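Trainee: I've got a new model to look through, and I'd like to learn how to read it. Can we go over it one question at a time?

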Amino acid sequence: MADLMQLLTTNPLAKQLGVPQATRLRRGRALPSGPVAAGAVGGGTLAVRTLELLGVPTRAALVDQPQTRVSETDGDGRTREVPEAYPGSIGALVVDATGATSIADLEVVRGLLRPAMKGLERSGRVVVLGVEPETAGAPTAVATQQALEGIVRSVGKELRGGATANLVRVDLLTAEPTSPAELASTFLFLLHGRSAYVSGQVLHVGHGARDPQAEEVLADRPFEGRVVVVTGAGRGIGAGIARTLARDGALVVAVDVPAGGQGLAEVANSIGGTALQLDITAADAGARIAAHVAQRFGGMGRIHAIVHNAGITRDKLLANTDEERWGSVLEVNLAAQIRINQVLLDADLPGGLDDGGRIVGVASTSGIAGNRGQANYAASKAGVIGLVRAMGADPRLAERGITVNAVAPGFIETEMTGRMPVATREVARRINSLQQGGRPVDVAETIGYLADPASSAVTGEVLRVCGQSQIGA
Amino acid sequence: MPDQLTDAVILGGNRIPFGKAGGAYADASNQAMLTSTLDGLVARFGLAGERLGEVAAGAVLKHARDFNLTREAVLGSALAATTPAYDLQQACGTGLETVIQVANKIRLGQVDSGVAGGVDSASDAPIAVGEGLRKALLGASRARTPMARAKALAAVRPGDLAPETPRNAEPRTGLSMGEHQALTAREWGITREAQDELAAASHHQLAAAWDAGFFDDLATGFLRLSRDEGLRPETSVDKLAGLSPVFGKGEGATMTAGNSTPLSDGAALVLLGSPQWAAEHRLPALARFVDAEVAAVDYVSGDEGLLMAPAYAVPRLLARQGLTLDDIDRFEIHEAFASTVLATLAAWESEEFCTGRLGLDGPLGTVDRSRLNVHGSSLAAGHPFAATGGRIVATLAKMLHDLGPGSRGLISVCAAGGQGVVAILEGC
């Protein structure tokens, strides 16, 4: 049946019948092939300075205005005015709208976006830079900045061919403004193929304890020599996370339950990491992780990042949910990581989380939207979101340069989702702007971005990796 | 070669949960089990791509095609292909003998690291063709003309087509191991009740160890098993008392399926190294390999019980090390049968045996039962023949490490052919 559905959707006839066609997405640590067009509203320079720091060449963005339009005649001899087109296609459009304070400024944003809507290459990028609306001052300025979100989310839904649109909000009007070095990792992620399945999202980049060093910002292997712990690493998304972070240089400690040891060993061996079998709900789980790290990486060995990926589902309608189904999901998906964090955050514990460390949780669109038969799971995943926000706002962690973030995956193609009923699965795959399911690597790349040493100014964020799914949006 | 011997230390181990014959691993080959166990070990210690000194392992029930079983497992594993390997076989003593072999090479400085252990499948056992058919096939392969080939094959009689069933019997006596042990149990007056008590304790203690997470860093799940398949946490002396004897005859028969080890499938490996190699790899030493001894008895003439060789090996080893039973903190006596353990303990308590057979001045002594097989043994875990030594060495090394430096452990494994392999480890 799955094959039949695939045939129906990938058959050449399908396109003519109007079945949405999935584009093969650009992935990995690669910039778009075409040029990056940059434009600004109201004199903002942060975006351009950030691109300069990254060494990304830019060209001036076209601006659609009545006087720049050209006449075009279609096959039926009808003539109409169309925006000036980019020669060839562009890889990305970056709009610095940090200076946008009036409704008139939004017209400039439109003018910048319009030529790009048909001028982007496959898997092209639209990145709009704004400020946190509540810091914008006058009500009109706040409204203008908030309007950017409506624009970007709509653009994400209109773009085709695997292109994405995202809005980055920075602190500019506050005492501690975001620097180009702090914004760099976010820009690079959004331009790279790594953000393939992230679209229609709003990210906040603030100001961290210290500016990332130039070599951190430009590192091809940002985790080189750093210890990263990944729970639930034996299969599925966790295995993808372990592999992706290892590709970027991480010394991975792959954690999973002893029963999953066969898959765990395979993953650990394939990336030259170590397998640590333990039940994360055990009282001493955090202590055992720290002891393993201290032992294997020496007295100075500390954890750069821990990714709390391990999770379970025990789906049942709430009418049929007993305390065991309820409790086991909350215990594994939420309580365990709270306990482990408490242990690893002890600055004096050998093998604990290092200053400048990263904690990354895995929430879910189910945690945002809720899901029938998943009250327990949604509780745990919504709990992760609350946890991340609270810890992201904790000044004691900020002082140590520790950031806490989460990803919220939407429909990801795994062994688990492969067992879903065909119709449900097809719907889940299609109801997002990219019209396809994501891959474990898409979640992993996003986690890699949040865990990157250069992402020091990103904390308390929950970033959806859902292809702009309509669920919970 | 160095003038001084270096230490050989045990750094850890890995086994797969043991399966019941015909159970979860019914379709798993020795090579598949050994390779997976090796990969689990490599992953635990982060050794992917490393060249180790050597890997030594073996299997008791072995297919002819598996002539290079361990080397094939290494080639299929995440270890560097430049890691040498060989097979070794000493019946149920195989696993422990490989540990002795690798430890000795480390002590001599010939290798700095190694993996030792074994694998066995009672499910995937080789089946041989009858002698008549085998001779005829060999004759046909030597024949030079079609006529001669036809003539050679014509010698096959219908009776030759029946395969030779694998038997768990001693070639020289025709008695199975259980039948041999039944004779020993009767000779030492080992009661049914004592055997069932030992069996129940084995199950309860092994289950408690699994529950406590003791095996989290000693075992890796394989196929659908995450615990030993034959483990019966809920068994009791009462339940075991209900089973009928399967070995021995008549009134005095005491040995049942409950107090004898079942046929099993599984693999177990141990990682050893020199202290220097361990330090370079940031791996903590669990225990030091101290010494080992192998004894053999003349069971063919009936002079001694088939599985009584450890009763001789242990006193010789203790004497060489200047130790007594009281110096031992943990005893690991392989439970081939509950009565094997009990007969061995009885022999050491017997003045007649110790003076007459061992030439001692009096009884060797009494084993403190609270120090015996404290996390269960083969009755509960199962006994894939060549895998048992690796299971015991890794388990004991971890126990000794938990007890602290200087703690001592004794391992005793009886084997077919009237042999017994024993060793002493010391906690680090």
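**Loops, helices and a chain contact**

Trainee: How many other C-beta atoms lie within 10 Å of A91(B), a partly exposed residue?

Mentor: Start with the cut-offs: buried is 20 or more other C-beta atoms within 10 Å of the residue's own, exposed is 12 or fewer, and partly exposed is in between, with C-beta atoms placed from the backbone. A91(B) is partly exposed because its count within 10 Å is 19.

Trainee: What kind of model is this, by the way?

Mentor: Residues count from 1 along each chain as its sequence is written, with chains lettered from A and ligands numbered from 1 in the order written. Local features need pLDDT of at least 70 and side-chain atom pairs count only at pLDDT 80 or more, while totals for chains, interfaces and linings use all residues, since the model is predicted.

Trainee: Back to A91(B): what is its phi near?

Mentor: Look in the loop between β4 (85-87) and α3 (94-107) of chain B, where A91(B) lies. Helices (H or I, at least four residues) and strands (E, at least two) are DSSP runs, numbered from the N terminus. Most residues other than glycine have a negative phi. A91(B) is a residue other than glycine with a positive phi, near 50°.

Trainee: N373(B) has a positive phi as well; is N373(B) buried or exposed?

Mentor: You'll find N373(B) in the loop between α12 (351-356) and α13 (378-381) of chain B. Its phi is near 45°, again in a residue other than glycine. There are 25 C-beta neighbours inside 10 Å, so N373(B) counts as buried.

Trainee: Let's zoom out. What is the radius of gyration of chain B?

Mentor: Chain B has 14 helices and twelve strands, and 55% of its 428 residues are buried. The radius of gyration is taken over C-alpha atoms, and the globule rule is 2.2 Å times the number of residues to the power 0.38. A compact globule of 428 residues would come near 22 Å, and chain B agrees with that, at 22 Å.

Trainee: And what is the radius of gyration of chain A?

Mentor: Chain A comes to 17 helices and 15 strands. For its 473 residues the globule rule gives 23 Å, so chain A is as compact as a globular protein of that length, with a radius of gyration of 23 Å.

Trainee: Which element gives the largest share of the side of chain A that touches chain B?

Mentor: Contact here is between residues whose C-beta atoms, placed from the backbone, lie within 7 Å. The contact takes 21 residues from chain A and 21 from chain B. On the chain A side, α9 (261-270), β11 (274-277) and α10 (285-297) each give two or more residues. The largest share, seven residues, is from α9(A).

Trainee: How many of the ten residues of α9(A) are buried?

Mentor: Check what covers them: that includes α8 (236-247), β10 (251-256) and β11 of chain A, together with α1 (30-44) of chain B. Among the buried residues are L264(A), V267(A) and N269(A). α9(A) is largely enclosed by the rest of the structure, because its buried residues number nine.

Trainee: How are α9(A) and α1(B) set against each other, roughly perpendicular or oblique?

Mentor: Axes are lines fitted to C-alpha atoms, for helices over the stretch in contact, and angles run from 0 to 180 degrees between N-to-C directions. These two axes come within 8 Å and cross at roughly 60°. Under 35 degrees is roughly parallel, over 145 roughly antiparallel, 65 to 115 roughly perpendicular and the rest oblique. So α9(A) and α1(B) are oblique.

Trainee: Which way does α7(B) pass α11(B), in a left-handed or a right-handed crossing?

Mentor: The axes of α7 (residues 192-211) and α11 (residues 338-349) of chain B come within 9 Å and cross at roughly 110°. That makes α7(B) roughly perpendicular to α11(B). A crossing is left-handed if the near helix is turned anticlockwise from the far one by less than a right angle, and right-handed if clockwise. For α7(B) passing α11(B), the crossing is right-handed.

Trainee: Which residues of α11(B) make that contact?

Mentor: From α7(B) come A194(B), Q195(B), L198(B) and A199(B). On the α11(B) side they are A338(B), S339(B), V341(B) and L342(B).

Note on methods
Contact = placed C-beta atoms within 7 Å.
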